[in-house]
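Here's a quick tour of a protein fold for anyone just getting started. Have the picture open while you read, and find each piece as it comes up.

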Amino acid sequence: MTAGGPLLELTGVTKVYDPQGAAPAEVLRGITLRVAEGESLAIVGPSGSGKSTLLNIIGTLDEPTDGKVTFEGRELSALGEAELSRFRNEKIGFVFQLHHLLPQCSALENVLVPSLVGPRREGAEQRARRLLERVGLSARFGRRPGELSGGECQRVAVVRALVNRPRLLLADEPTGSLDQAGSDSLGSLLAELNREEGVTLIVVTHAMPLARRMRRVLELMEGVLAEKSTPAIR
Ligand SMILES: Nc1ncnc2c1ncn2[C@@H]1O[C@H](COP(=O)(O)OP(=O)(O)O)[C@@H](O)[C@H]1O
Ligand SMILES: [Mg+2]
């Protein structure tokens, strides 16, 4: 990374769906964002405002129509397919609203899936076990998703996202399918992992209690991102 530079930087990022079509949809209209290593931030905004689109662009699951995204000082549009897959696998962890765990695999096996791709990772299983213990699942290593609660599955998904020691964890409505108690506990877990593991965190959410656990809250409205000043609860 360039010394002192941000971990992630978006400059003038726009996204137009179906640009040649009858009704092109301009979802992002020039997003500029700098995220420093170790920061935690929430992105809130109405449904359909482009939050998932923005997160997918940051995670290289989608490409901007215009503008620049740099990570550790490298422009992502310059990476080829193979480099992009490696980048995603090594640098980024994803957590989605639905956990997407493999139903036939145990909690521990699910967590190890990302570590099976790419270079052999020493100590992956030890780290997986330690993280599962850390999130309160020490008695659940061998259980399959069908034998776990929704909140437990989502904690397994968080551990899976962290197993390769990513620099950046992206979470898209991670508490969207959880009840209040599950949602609170996942929110505190994410905030704690940000502090303990130093992983940079970007969380998209509708839930203000979750958003307020992050150090910065940004609101996406009509294609533009703005700082939202709300007192943080950590
Ligand atoms: N692949 C796509 N093709 C066309 N339009 C899309 C596509 N994905 C999302 N959109 C549209 O872009 C807008 C923003 O969607 P999204 O990023 O999912 O919003 P949010 O996550 O904030 O609910 C919506 O109007 C949605 O219908
Ligand atoms: Mg969304």
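What follows goes through the sheets, the helices and the ligand site.

This is a predicted model, where local features need pLDDT of at least 70, side-chain atom pairs count only at pLDDT 80 or more, and totals for chains, interfaces and linings use all residues. Residues are numbered from 1 along each chain as its sequence is written, while chains are lettered from A and ligands numbered from 1 in the order in which they are written. Helices (H or I, at least four residues) and strands (E, at least two) are DSSP runs, numbered from the N terminus.

**The six-stranded sheet**

- Six strands make an open sheet in the order β6-β7-β8-β3-β9-β10, and the pairing is mixed; two strands pair if DSSP finds at least two bridges between them.
- At the edges sit β6 (92–95) and β10 (224–227), each pairing on one side only.
- From one strand to the next, the twist averages 20 degrees (axes are lines fitted to C-alpha atoms, for helices over the stretch in contact, and angles run from 0 to 180 degrees between N-to-C directions).
- Helix α1 (residues 51–58) packs on this sheet and touches β3 (40–44), β7 (168–172), β8 (200–204) and β9; two residues are in contact if their C-beta atoms, placed from the backbone, lie within 7 Å.
- The direction of α1 makes about 155 degrees with that of β8.
- Strand β9 (residues 216–221) runs antiparallel to β10, and four bridges join them.
- Within that pair, Glu219 stands opposite Ala226 in β10.
- β9 and β10 form a hairpin with two residues between them, and Glu222 in the turn has a positive phi of about 50 degrees.

**The four-stranded sheet**

- Another open sheet has four strands in the order β2-β1-β4-β5, with antiparallel pairing.
- β2 and β5 (74–75) are the edge strands with a single partner strand each, so one side of each is left without a neighbour in the sheet.
- Five bridges link β1 (residues 8–17) with β4 (residues 66–71) in the antiparallel sense.
- Look for Thr11 opposite Lys68 in β4, and for Leu10 with its bridge partner Val69.
- β4 and β5 run antiparallel, joined by two bridges, and Phe71 has Arg74 in β5 as its bridge partner.
- There's a hairpin here too: β4 and β5 have two residues between them, and Glu72 in the turn has a positive phi of about 50 degrees.

**A pair of helices**

- The axes of α5 (residues 150–162) and α6 (residues 180–197) come within 10 Å and cross at roughly 20 degrees.
- The two helices are therefore roughly parallel to each other (angles under 35 degrees count as roughly parallel, over 145 as roughly antiparallel, 65 to 115 as roughly perpendicular and the rest as oblique).
- Among the residues that meet are Val158 and Leu162 in α5, and Leu186 and Leu189 in α6.
- By class, this contact has five nonpolar, five polar and two charged residues (Ala, Val, Leu, Ile, Met, Phe, Trp, Tyr, Cys and Pro count as nonpolar, Asp, Glu, Lys and Arg as charged, and the others, Gly among them, as polar).

**Around ligand 1**

- The residues surrounding ligand 1 include Tyr17, Asp18, Gly48, Lys51 and Thr53; a residue is near a molecule if its C-beta atom, placed from the backbone, lies within 6 Å of it.
- β2 (25–35) and α1 each supply at least two residues of this shell, and the largest share, three residues, comes from α1.
- Sorted by class, the shell has three nonpolar, seven polar and two charged residues.
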